[in-house]
Structures are given as C-alpha cells and as structure tokens.
Amino acid sequence: MLFAAGKGTRMAPLTDVTPKPLIPVAGRPLLDHALDLAREGGARRIVVNTHHLGDQIVRHLAGSGVAISDEADALLETGGGLKKALPLLGDGPVLTMNPDVIWTGPNPVAALRAAWDGARMDALLMLVPVDRAQGRIGGGDFALDPRGRISRGGPLVYTGTQILRTDGLAAIDAPVFSLNVLWDRMMAEGRAFGLVHPGGWCDVGRPDCIPLAEAMLASAKAGR
C-alpha cells in the first residue's frame, strides 16, 4: 500500500495545485518512483489511498492496475487508511510505503521481503541512520537491540516503508488513528523489528528537498 492521501502542507505552494505524490523529482512523479520500487521488489497487488486533489492521482493511475482507496470524505491517517484499504489488499502481512521519499541502493521492498520472518515478526520497519537521512529535520525515531527489535528513541529514522501484520487493526475502534498505536502494541510484545538500509534515502517533504533528492540520484547514477 502506498500512502498518498496526505495534504502535503509542508510542500506548499507546490501542493496548492498538485498532490504531493505527483510532484516531479528527476523528471518523474514521486509516486512513479515508489511504484517502480514496489513492482521491482515483487509487489503484485498495489493499493494507493487518495484525499487531497485525489482526482489527479486517480487519472494518473488509470489503466495501471493499481487499486484506489478513496479518502475524499475524511483523512484517516496511516492506521485508519490501512484499515479501510484491507478489503482491497487481502489477507496476510502488508508492505506499506510513503511515496514522498527517494531511495538509492538496494531495493527496500525486496530487502524487507527477504528479511521478513513471520514466525518472529509482526512488523519489520526499514530504517536509516539519522546522519544519512537527507531532508530530515530532527533526530531519530528508533533504536535496535542485538536481536533487531525496535524501541522508541535512538539514532535510526523510520523511512516510511515496512511490512506489517494487520490482524490487530480490527481491535482498534477509532476510524482515524496512526499506525503508532499498532507499533506500540507490537513493541510491547517484542515482535516489532527493524532493518537498516545501506543506501541513500531522502525525505522529499518540502520544496527545498527536491534538489537534494535529485543530486542523490545523479550521484548514484554516476557511480559515486
């Protein structure tokens, strides 16, 4: 699932007329960069949720085989959005991505799928060290213990990409909620893990982040 329903407030004024997932980076919409990673990483069923200027995203994806989860009436946050999309996603663990980031190096979707161990894990979050998190403002989100389990605080930034069991969503009655609610329960049970990505990562949440992401891509293409 690609979370494309945000308002893109930090990206204004670009998002006054264009939804953030369709903002171009290196000549292609952010959403298309994410879709490439998802498909190349092995995803076959893909769902995109929409809210702000969602009709533009629907038109952009027409004929692509991507399913739309419409949140035009109410923005549901990550947890509520994922819960609403479950009928389109089907049973079993789901890989979620934020499309407003740019990656270089190994495909994060393929890496998460290769590292996923359903016997031990309810969540596997892709992380990067804060000193490699371009465009990031603020500190880290998580730390890893020797077994790879995550805890709050520490030097690692959540990249917006993860594999997550969705069974626990049914027990959350609120229609609007963050996936942090589910993560906290999984961490308490010792079943939330992290994986550190070795490549480049850039948060493209503000206009000034676009040239950072483009420079990172150009550097990777040049082999530097």
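Of the 224 residues in the protein, 47% are buried, meaning under 20% relative accessible area with a 1.4 Å probe and protein chains only. The structure is a predicted model, in which local features need pLDDT of at least 70, side-chain atom pairs count only at pLDDT 80 or more, and totals for chains, interfaces and linings use all residues. Residues are numbered from 1 along each chain as its sequence is written, and side-chain values use heavy atoms, with hydrogens and water left out.

Turning to the overall fold, six helices and 14 strands make up the secondary structure; these are DSSP runs numbered from the N terminus, with helices (H or I) of at least four residues and strands (E) of at least two. The radius of gyration is 17 Å, close to the 17 Å that the globule rule gives for 224 residues, so the protein is as compact as a globular protein of that length. Here the radius is taken over C-alpha atoms, and the rule is 2.2 Å times the number of residues to the power 0.38. The C-alpha trace spans about 45 × 45 × 30 Å along its principal axes.

E7 pairs with E14 (residues 201-203) in the antiparallel sense over three bridges, and Ile-102 has Cys-202 in E14 as its bridge partner.

Technical notes. Buried < 20%, exposed > 50% of the residue type's maximum accessible area, 1.4 Å probe, protein only. Pairing = 2+ DSSP bridges.
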